[in-house]
Amino acid sequence: MSDRFPACSPRDIARALACTRRDFLRSAAGLVAGSAVMSASPFVFGATARKRKVIVVTFGGGARDQETFAPDGQQNIPHLLQELAPRSSFFTQVVNRGILGHYVATASLTTGVYETLNNFSAVPPEHPTVFEYFRKDLNRPISDAWVVAPSNGFNRIGESGYRSYGPGWGARVILPKHLLTAAMSGATTDYEHLLRDNYETPLYAPQLGGTEFELEQLEMVLKLSVEDFKAHAKTLSSPDELSLYIARQLMRQQAPSLLWITMHDIDVAHAGTYSLYIEGIRRTDRLCAELWKIIETEPEYAGNTTLFILPDFGRDSDEDAGGNGFQHHRTGDPASRTTWMMALGAGVREGVVYDRPMQSTDLVPTLGCIMGFTPTLAQGKPLTEFL
Amino acid sequence: MLPRDLTADQFAGYPPEARKLAVANLDTLRRLPLSFLPSLLREIAGFDYKFPAERRAVTGELSVLSGLTPAQIAEWFQAFSQLSVSPKLEQSDWPGHPGKFVEQQSEYLWSTHQLDAFRRAATEYGDRIHAAIPPEPPPINRLGIAIIGQGVASTGEPLFRNLRKHGTYFAQVKPDNGVRVLLEAVAARAAAHPLPYGHWYIDGGQPAEHSPALICVSWHGLEALRAALLRNMQAQIARPGMGPEELRTYLAQLTPADLGMDRSADPVLSYFQLKVFTEGSGTQIFSTTFAQWTAREALRRAQPVTMLVRFGVRQRQRPMNELFSKVDASAPDPAGSLIDGDMGAYYNWINQQRLPGSERSCFLVWFEGHNQAVAVSPSLAPGTQSTSAATLTDLLTWVTA
């Protein structure tokens, strides 16, 4: 059932959100499904289809309720709770029934199918991605769909290996850390930490070539000189900040209609250091709010953009003896499989909480409904709350 | 091959005691499904390097299984029998390398969406085994101690948020000679109740002077091992064809001798120390992670009755802009380490409570050099606070009363 927030304080809304999340995790075996089908689609009154834009932000590395939406965790996400949640439709129960590795889970989010590819290889998703559906169905140019991804392993996420759809209908992928490597001309002896590919296998980074292409991206696509890029990178504290910086440049220079950003600072939790995990949550919280401000102030995006924010999955609970609490997502327990999604912006009902379970594969069909394409091979179902 | 085709020769590569155990239980092993058996064989294969509590668990489990009728075997393992195993796994040398099988089986279960069914089957099986082998209560009530916040002058962080609701918060602790007092207390327990691997002292830095009756594992004491392991890993990574899965398999097969550990040392403890680094994530980099994971594994495996963990100061995680300015990588982060230690202490308590006798177990966490502590014990009311002045000796007396 849905609860509409009355005109109440952010504090009340935060409490309502926290209680809902907490309650559903307490009874993870099953909640009463939502019945929040509205009388008319909010998108009927939204921006026109041609101008509509969608930005999806995923966290590669979930954050648990006790560090976020539960009372003790609220101090870590002030921006999500007080600035974004009151303006959002909030889905409390997003279940991921697939493999809990970040690349394969993100690939599943982009295809609407639980992919089974090797999480640690730079291989394309097996099924058509949202970018291919979007561009082919709507005949959009390649400049209209972009992915900003944290690690080399995500290099192939923009386009599937599904032959009848490709090649050529995918999104362009930009890897900010790879870009930085190229800009530094290989002088990265002291940047291993920054350029670490991912936190699940910190010692491995699939090798990518194409330095020339990366530098071309800088100058032709992002309209940035190498020196300006390097100078700005030196002012940032984390790879996700670099990703947001690149995303902002993309929005200003290319204004894609479909932009997918994956963040992964939170996944430092794999190192077992709770304080760094909390820092990652707080930084991601801040960056989400910054992205929303960019959306609201960029002329191409203001008023016609729908933003989706969701972790790709959760993390292990403290109670599961098979795991080690926040550190990993290996047990497949309800806490590691269950997360949330926030939607805000154009066409979204503000201040609504939906408790009914949805699957992470439902995202692509939902985007199809919003943007007007048909993801024929996706396994998920469109969220009725957006119909 | 299938379990029914097992022969004694297939255990030739096992260490002596493991081989003997496997051969003695060959008939029992042949009756078990392939989706389950390698998990048990992995435990048997490591038998020579297991702690006494682990050995009792393995032999007890085999004893229960050998007593089951064919109908009971079918009933107990019905859920496992319904799980598919890939032909590649079936054809592998799973008796000789059960650990490798289990790793690859895990990947297969994830990719075929059978993991949840496997979890249910494993949980059901574990419940049956626990019912068949009632847990032995410890000879004395367990005592866990965590010392956190080394080197922190003051903090605005509210400490012990997770543990306060389970115990009594003390706000006027006299910190004088606290580390020494606590170490002497655990030494006295070790002297009064000598048990093999029964009393541990884990230090995330340089260990303080302590009784030889304690099993001591420390970050500084294992510096040479960490360095050797990292060199070894780098060499392996540079090899063609090496990937994350291959590296994990390689690490699982390393022995203490491969990394130059003292051959005269206790092999059980040497293997334990090695696995802290080869199986733990972040244990090679951050001392707070090392202390938490070492305690977790010691509690899970050795089931000690005394566990004192002193969290040290870990190195900083450098932000991106500092990487450009070449700030010292080894600079310490005491404030972050305090937060890590606070959560680590909570996990120590959780892991202690998973062991038999938890209803009588005691736990004390203290902010080193300061006047804050929480004591959890059946004799202390949960969720309460005391503002009375108390020494650490007082707290130990109350918590173990």
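User: Which residue stands opposite A:Val148 in E6(A)?

Analyst: Two strands pair if DSSP finds at least two bridges between them, and strands (E, at least two residues) and helices (H or I, at least four) are DSSP runs numbered from the N terminus. Here the residue opposite A:Val148 is A:Ile261, and four bridges join strand E4 (residues 145-148) of chain A to E6(A), the two running parallel. This is a predicted model, in which local features need pLDDT of at least 70 and side-chain atom pairs count only at pLDDT 80 or more, while totals for chains, interfaces and linings use all residues. Residues are numbered from 1 along each chain as its sequence is written, and chains are lettered from A and ligands numbered from 1 in the order in which they are written.

User: In which sense do E2(A) and E6(A) pair, and over how many bridges?

Analyst: E2(A) and E6(A) pair in the parallel sense over six bridges, and within this pairing A:Val57 has A:Ile261 as its bridge partner.

User: How many residues of E6(A) are buried?

Analyst: A residue is buried if 20 or more other C-beta atoms, placed from the backbone, lie within 10 Å of its own, exposed if 12 or fewer, and partly exposed in between. By that count six of the six residues of E6(A) are buried; A:Leu258, A:Trp260 and A:Thr262 point one way from the strand, whereas A:Leu259, A:Ile261 and A:Met263 point the other way. Over chain A as a whole, 58% of the 387 residues count as buried.

User: What do the buried residues of helix H3 of chain A pack against?

Analyst: Packing is read from contacts, two residues being in contact if their C-beta atoms lie within 7 Å. Helix H3 (residues 102-111) of chain A has 10 of its 10 residues buried, and these pack against strand E2 (53-59), helix H4 (130-138), strand E6 (258-263) and helix H12 (363-371) of chain A. The helix is followed by A:Gly112, whose phi is positive, near 75 degrees.

User: Turning to chain B, in what order do the eight strands of the open sheet come?

Analyst: The order is E5-E4-E6-E1-E7-E8-E2-E9 in chain B, with mixed pairing. Strand E5 (215-218) and strand E9 (384-386) of chain B stand at the edges, each with a single partner strand, so one side of each is left without a neighbour in the sheet. Inside this order, strand E1 (residues 143-148) and strand E6 (residues 306-310) of chain B pair in the parallel sense over five bridges, with B:Ile145 and B:Leu308 as bridge partners. H18(B) packs on the sheet, touching strand E2 (168-170), strand E7 (362-367) and strand E8 (373-376) of chain B.

User: How do the axes of helix H11 and helix H18 of chain B cross?

Analyst: Axes are lines fitted to C-alpha atoms, for helices over the stretch in contact, and angles run from 0 to 180 degrees between N-to-C directions. The axes of H11 (residues 178-192) and H18 (residues 392-399) of chain B come within 9 Å and cross at roughly 35 degrees. In this contact B:Gly178, B:Val181, B:Leu182 and B:Ala185 of H11(B) meet B:Leu392, B:Thr393 and B:Leu396 of H18(B).

User: Which domains does the assignment give for chain B?

Analyst: Domain bounds come from an automatic or database domain assignment, and for chain B it gives domain 1 (3-132) and domain 2 (143-399). Their centres, taken over C-alpha atoms, are separated by 32 Å, and nine residues of domain 1 of chain B are in contact with 11 residues of domain 2 of chain B.
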